[in-house]
Amino acid sequence: AKPLGPRVGFTVTKKVGNAVERNRVRRRLVASSSALLPQYGKGGVDYVMIGRRATLTRPYERLLDDLKGALIKLGQVQNRTTNA
């Protein structure tokens, strides 16, 4: 079987806002993950992105920076645990 690329799931609770706001948060997360997961995600790994209210107002470039930093950090943690 060929190795799978990274998979991603999204969750945004009703605490974030009404349906329009939750969908906007989800769309922003989808766009940022589509931009960065091919380069920074690990194949065969499942990622879960949790939408927060701040995602609505955070500038897109900052969202990209946040996600990139998190993916890099997760990759380092994963490498450290698999090499031990």
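Tutor: One term to begin with: buried means under 20% relative accessible area, exposed over 50%, and partly exposed in between (1.4 Å probe, protein chains only).

Student: Fine. What kind of model is this?
Tutor: This is a predicted model: local features need pLDDT of at least 70, side-chain atom pairs count only at pLDDT 80 or more, and totals for chains, interfaces and linings use all residues. Residues are numbered from 1 along each chain as its sequence is written, and side-chain values use heavy atoms, with hydrogens and water left out.

Student: How many salt bridges does a search of the whole structure find?
Tutor: Three. A salt bridge here is a side-chain nitrogen of Lys or Arg within 4 Å of a carboxyl oxygen of Asp or Glu.

Student: Which residue does Asp46 pair with?
Tutor: Arg7, with the closest N and O atoms 2.8 Å apart. Asp46 is in strand S2 (residues 46-50) and Arg7 in strand S1 (residues 7-11), so the pair ties together parts 39 residues apart in sequence. Strands are DSSP runs of E, at least two residues; helices are runs of H or I, at least four; both are numbered from the N terminus.

Student: And what does Arg53 meet?
Tutor: Glu21, at 3.4 Å, N to O. Arg53 sits in the loop between S2 and helix H2 (60-83), and Glu21 in helix H1 (residues 19-40), so this bridge links parts 32 residues apart in sequence.

Student: Switching to Asp66. What's its partner?
Tutor: Arg58, at 2.6 Å, N to O. Asp66 is partly exposed at 37%. Arg58 is partly exposed too, at 25% relative accessibility.
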